Structures are given as C-alpha cells and as structure tokens.
Amino acid sequence: TSLATVVAGCPLSSCLYNASGPLCTTAAELDAVGSSEAGAILSKSATLEKRQGNPSPRYFETTWGSINSMGLPNEGYRYYLDYAKRAATFNKPYFISVSGLGFEDNVAIIRALSGQEHVSAIELNLSCPNVPGKPQTGYDFEQSRVLLEMIFEHVTTPLGVKLPPYFDLPHFEMMAAVLRDFPIAFVTCINSIGNGLVIDTDQESVVIKPKSGFGGIGGDFIKPTALANVRKFYTLLDKDVAIIGCGGIKSGMDVFEHILCGASAVQVGTQLMREGVGCFARIAAELREIMGGKGYRDIDSFKGKLKTLE
Ligand SMILES: C=Cc1c(C(=O)O)[nH]c(=O)[nH]c1=O
C-alpha cells in the first residue's frame with residue numbers, strides 16, 4: 001500500500017509531513033524532520049527579520065491537544081532560504097512557510113524566495129492568530145484578494161495558502177471565489193482555531209502568558225472543524241488544487257478521515273510536538289494497516305470518496 005502523493009508538483013514518498021510551527025524553527029529541528037519518515041520538510045512561518053516571539057509560557061499541552069501564542073518566533077526568511085541546499089540532501093520536498101507582518105513584507109520575502117533552487121514550494125500563511133494587533137488576513141476576503149494579486153505578480157515557485165478555520169458556509173464560498181482567481185498549487189486547511197482559553201483550576205489562572213491567556217487551539221477538539229474545511233474546499237475548488245489536511249491528526253485513522261474528505265497529504269502539528277518525529281513512522285504504519293484491511297492500494301483509491309447519507 002503506497003502513501004506516495006504529489007503536492008505542488010513535488011513527489012512525496014509519504015503523504016504525511018510536519019505542520020508549520022512545532023519543531024521546525026532551527027536547522028537541527030528541520031534536520032530531524034528530514035531524517036524521519038516525513039514525506040516533506042516544512043519550515044516555521046518566516047518573517048523578514050528574525051523574531052523572538054511572545055513571552056513564555058506561550059505553549060501549553062493538554063490531554064486533548066494544545067494552546068499556543070508563540071507570536072511568530074523564527075530565524076527570518078534568509079535562514080530558511082539558506083537551509084534549502086541542506087534540505088535537498090534529504091531527498092524530499094522542502095517547503096517554506098511565509099507569514100510577513102504586512103503585505104509589503106510578504107511580497108518582499110516571496111520575491112526573494114521565488115525561483116530559488118531547492119525551494120519546492122511556498123506556503124503563504126494567511127492565518128496567524130497570535131501577532132497582537134494584526135487581524136488574520138484569511139478572515140478578510142477582500143484583503144486576501146489584494147495580497148494574492150500582489151504575490152502572483154512576482155512568484156514562479158509553486159505557492160499554496162494556509163487558511164484559518166471557517167465556520168459559516170457563505171465564508172467557504174467567499175474564500176473559494178478568491179482562490180479560484182489565482183494559480184495556487186495547494187490549500188492547507190486548517191491553522192489552529194484562534195483565541196481559545198485554557199484554565200489551570202488549581203491556580204485559577206490561564207496557562208499561557210501572552211494575550212491574557214488567549215491562544216490558538218490544536219489537537220483532538222479541532223479535528224471535526226479541520227475535516228469540514230478540507231471537505232468544503234475539496235468540493236469547491238478544482239481538483240488540480242491539492243488540499244492539505246491539518247488539524248487533530250495523531251493516528252492512522254485520523255489521516256484516513258482527512259484523505260476520505262479529499263486531502264492529498266496531511267500535516268501533523270500538536271502530535272509532533274508531543275511525540276517527536278517518530279510520529280510519522282508510527283502514523284504511516286497505522287494508515288498502511290487500515291488501507292490494507294480495507295483493500296486500498298494507494299491514496300487515490302479512496303481520496304475524496306466520503307459518502308453522504310442519501
Ligand atoms: C505563524 C504564526 C502562528 C502561530 C504563532 O507563531 O503564534 N501559532 C499558530 O497556531 N499559528 C500560526 O500561524
């Protein structure tokens with residue numbers, strides 16, 4: 001049973017790789033992903049210059065998942081561009097996530113990355129919920145269109161977008177109408193569910209310092225929302241736009257569900273943070289077991305084939 005797939009024109013030996021964010025900020029972390037069973041390497045979202053991010057504690061793990069308000073700590077886009085030649089030694093695609101602090105920064109970064117050797121694709125993050133004072137572009141459809149118009153004047157490298165979760169059906173239509181007007185290679189659904197709150201009842205306190213404890217939610221609870229977003233954009237966009245599933249994946253069955261909804265590949269975030277890069281081999285083995293049991297030889301045998309109840 002093959003887990004091979006193609007994203008942004010790049011062959012992935014496995015349909016699983018890391019979500020941008022956890023364990024992908026330094027070269028050592030990226031090396032660990034490269035040396036694992038992950039089918040690709042994706043960097044932490046990059047800004048124009050290196051950032052320290054928000055004050056700690058800024059990440060907290062719960063039994064069901066995680067809350068984070070990292071604040072975009074990263075080494076700056078040049079670091080991730082320099083890493084590209086090293087990434088190539090792992091014989092798997094290398095994607096760079098971009099999350100500039102403004103449209104000009106996004107354009108400047110993407111112009112610098114575009115066409116660069118060993119940068120397989122760019123994931124433009126429209127959904128960072130944790131930069132104080134910055135609204136998520138992905139929730140402003142007109143601004144999303146403006147940014148994509150600016151970006152596609154300059155980019156030749158395959159480019160996809162990382163979307164926030166949507167919850168209202170007209171919003172799916174409105175974002176799909178924007179995305180249809182651009183040659184995007186993939187759509188990654190979803191980023192964390194923004195601005196949740198987790199409480200320590202012993203201390204009667206929040207658990208992270210930034211933003212009075214408000215942070216992006218990941219893990220088990222967000223899977224139903226992630227599946228719905230994967231399914232909706234799969235049905236709304238052309239089939240040549242790959243949908244990358246992200247949200248609540250910690251087992252082979254979770255991956256199976258995302259692919260049934262239409263995902264061509266999936267990203268692991270909270271579970272990667274919890275388990276380390278060994279999660280890719282474990283989850284891939286579980287998925288192979290499930291596919292074997294159901295008689296599916298490859299991903300395309302069941303991708304998008306979720307049934308409704310007639
Ligand atoms: C890029 C910033 C993000 C961050 C962050 O760095 O705070 N956390 C998320 O859950 N999603 C993001 O997109």
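Predicted model: local features only at pLDDT ≥ 70, side-chain atom pairs only at ≥ 80, totals over all residues.
**View 1. Packing of helix H5 against helix H6.** Helix H5 spans residues 141–151 and helix H6 spans residues 169–179; their axes lie 9 Å apart, at an angle of about 15°. That angle makes H5 roughly parallel to H6. The crossing of the pair is right-handed. H5 contributes Phe-141, Ser-144, Arg-145 and Leu-148 to the contact, and H6 contributes His-171, Met-174, Met-175, Ala-177, Val-178 and Leu-179. By class, seven of these residues are nonpolar, two are polar and one is charged.

**View 2. Packing of helix H6 against helix H7.** Helix H7 covers residues 223–236, and its axis comes within 10 Å of that of H6, crossing at roughly 50°. H6 and H7 are therefore oblique to each other. Their crossing is right-handed. On the H6 side the contact involves Leu-169, Phe-172, Glu-173, Met-175, Ala-176 and Leu-179, which meet Asn-229, Lys-232, Phe-233 and Leu-236 of H7. Seven nonpolar residues, one polar residue and two charged residues make up the contact of H6 with H7. Met-175 and Leu-179 of H6 meet H7 here and also meet H5 in the contact of View 1.

View 3. Asn-68 belongs to strand S6, which runs over residues 65–68. Asn-68 counts as buried because its relative accessibility is 17%, below the 20% cut-off. A polar atom of the Asn-68 side chain lies 3.3 Å from the backbone nitrogen of Met-70. Leaving aside residues up to four places away in sequence, Asn-68 touches Arg-58, Tyr-59, Asn-130, Ser-192, Ile-208, Gly-215 and Gly-216.

Terms used:
Residues numbered from 1 in each chain as written. Heavy atoms only, no water. Axes fitted to C-alpha atoms, helices over the stretch in contact; angles between N-to-C directions. Helix = DSSP H or I, 4+ residues; strand = E, 2+ residues; numbered from the N terminus. Parallel < 35°, antiparallel > 145°, perpendicular 65-115°, else oblique. Left-handed = near helix turned anticlockwise from the far one by under 90°. Contact = heavy atoms within 4.5 Å. Nonpolar A, V, L, I, M, F, W, Y, C, P; charged D, E, K, R; others polar. Buried < 20%, exposed > 50% of the residue type's maximum accessible area, 1.4 Å probe, protein only. Polar contact = N/O pair within 3.5 Å; in protein donor to acceptor, adjacent residues only side chain to side chain.
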